[in-house]
Amino acid sequence: NMDLDAALADPAHKANAAAFLAMAPRVVEPEPKFYEVEQGEAAVVFPEHCPVIGSTRATTCTIVALRNPVNGRTFLCHYDGFDLLLEQFETALQQLVSPDCTEYDLYVAGSYLDGRGCSRENVDNLFAFLPLLKLKLRLCLLCVLEDNDLAVKPVAKEDDGHRPRCTSLGIDSRTGEYFQIASFATPGPDLCFRRALWLYHHTGFVCCYRPEYDDVVLAPGCVGHPSRDTAAYFLKLDPARLLLLASTSPFAEAPDFAESALAACRFVLEHPAPNMLFPEQQPRHFVRRQGVWVPKRRVVSV
């Protein structure tokens with residue numbers, strides 16, 4: 001079992017967090033290959049196919065990664081408070097676990113001292129859940145809550161006066177090196193849909209990347225019906241009001257948060273039912289071509 005409060009008080013973990021925050025965030029270039037995990041998603045990468053994995057935009061969310069130091073395979077999840085389902089995690093981690101590995105590297109970043117307590121709830125949930133995986137874990141990075149918090153002068157009545165110092169985490173699965181991410185140089189696949197997942201009903205995390213093929217498959221059934229009323233309501237709001245209602249950390253979001261949320265709402269209204277996302281019940285399938293994600297064309301038999 002891992003005691004969160006004891007880990008947060010540990011001088012070694014505090015020193016690692018400080019060193020991590022002192023790193024200059026890097027732009028993740030197309031080579032070596034990378035995979036970007038969106039909010040509410042999880043993925044595993046194999047170092048021989050896609051060495052780098054990471055996620056950004058984690059304010060009250062928590063990014064957690066597990067790495068097998070023997071084969072380098074790495075799991076990363078952008079946790080936003082969804083139901084933590086043991087069976088789902090065990091299925092994903094089957095791609096990672098090996099008999100010759102006795103201890104797995106653990107990295108946790110994101111979350112701060114937000115006034116609503118969303119961050120603390122997310123981190124508490126994760127640390128209560130991790131022992132259920134029955135894996136021996138070595139905590140390599142813990143940069144959350146007070147260690148990731150910056151006190152600022154409030155800019156509005158609703159502002160709690162706190163900001164996250166870091167909202168990203170990248171892992172090089174070949175070496176276990178971890179780093180902050182400024183941005184990803186090329187966009188990921190099917191971002192309009194994947195960034196609208198918070199408006200669709202789904203259970204647990206969405207896992208659409210296939211590490212053995214280095215492709216992305218969003219299959220029918222991965223989501224249910226969307227919250228169309230919510231999307232329509234948000235589209236009527238001005239950006240400032242939208243920010244307050246759609247975010248758990250409205251004063252800590254990236255500058256394009258409102259624009260991204262509005263794009264997600266428009267996507268939902270353009271795809272109000274699952275059959276419009278998956279014509280003829282076919283999956284949404286994306287592959288890399290010269291470093292760029294493109295839809296895989298279906299072969300139509302005549």
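Which helix gives the most to the lining of the largest pocket? In this predicted model, that helix is α4, which contributes 4 residues. Local features are described where pLDDT is at least 70, side-chain atom pairs count only at pLDDT 80 or more, and totals for chains, interfaces and linings use all residues. Residues are numbered from 1 along each chain as its sequence is written, and side-chain values use heavy atoms, with hydrogens and water left out.

**Overall form**

- The protein chain has 9 helices and 17 strands, where helices (H or I, at least four residues) and strands (E, at least two) are DSSP runs numbered from the N terminus.
- A compact globule of 302 residues would have a radius of gyration near 19 Å, and the 19 Å of the protein chain agrees with this; the radius is taken over C-alpha atoms, and the globule rule is 2.2 Å times the number of residues to the power 0.38.
- The C-alpha trace spans about 65 × 55 × 35 Å along its principal axes.
- Of the 302 residues, 50% count as buried, a term that means under 20% relative accessible area, with exposed being over 50% and partly exposed in between (1.4 Å probe, protein chains only).

**The sheet β14-β15-β16-β17**

- These 4 strands form an open sheet in the order β14-β15-β16-β17, with antiparallel pairing; two strands pair if DSSP finds at least two bridges between them.
- β14 and β17 (292-295) stand at the edges with a single partner strand each, so one side of each is left without a neighbour in the sheet.
- Strand β14 (residues 209-210) is joined to β15 by 2 bridges, and the bridge partner of Y209 in β15 is V216.
- Between β14 and β15 the hairpin has 4 residues, and D214 there takes a positive phi near 55°.
- β15 is joined by 3 bridges to strand β16 (residues 284-289), in which R284 is the bridge partner of L218 and H285 stands opposite V217.
- β16 is mostly covered, with 5 of its 6 residues buried, and β16 pairs with β17 over 4 bridges in the antiparallel sense.
- F286 stands opposite P295 in β17, while in the hairpin of β16 and β17, with 2 residues between the strands, Q290 takes a positive phi near 55°.

**Nonpolar cores**

- In soluble globular proteins, nonpolar side chains tend to be buried together.
- The largest nonpolar core has 49 residues, and those with the most contacts inside it are Y35, L169 and F193; such a core is a set of buried Ala, Val, Leu, Ile, Met, Phe, Trp, Tyr and Cys residues joined through side-chain atoms within 4.5 Å.
- α8 supplies the largest share of this core, 8 residues.
- A second, separate core has 32 residues, including A7, F46, L106 and V108.

**The largest pocket**

- The largest pocket holds about 780 Å³ of space; on a 1 Å grid over the protein atoms alone, a pocket is an open set of points where a 1.4 Å probe fits, with protein on both sides within 12 Å along at least five of seven lines, and lining residues have an atom within 4 Å of a point.
- Of the 36 lining residues, Q39, C61, D80, W198 and F257 are the closest to the centre of the pocket.
- β6 (74-79), α4 (118-129) and α8 (257-270) each supply at least two residues of the lining.

Note on methods. Grid points are joined across faces, edges and corners, and a volume is the space filled by probe spheres set on the points.
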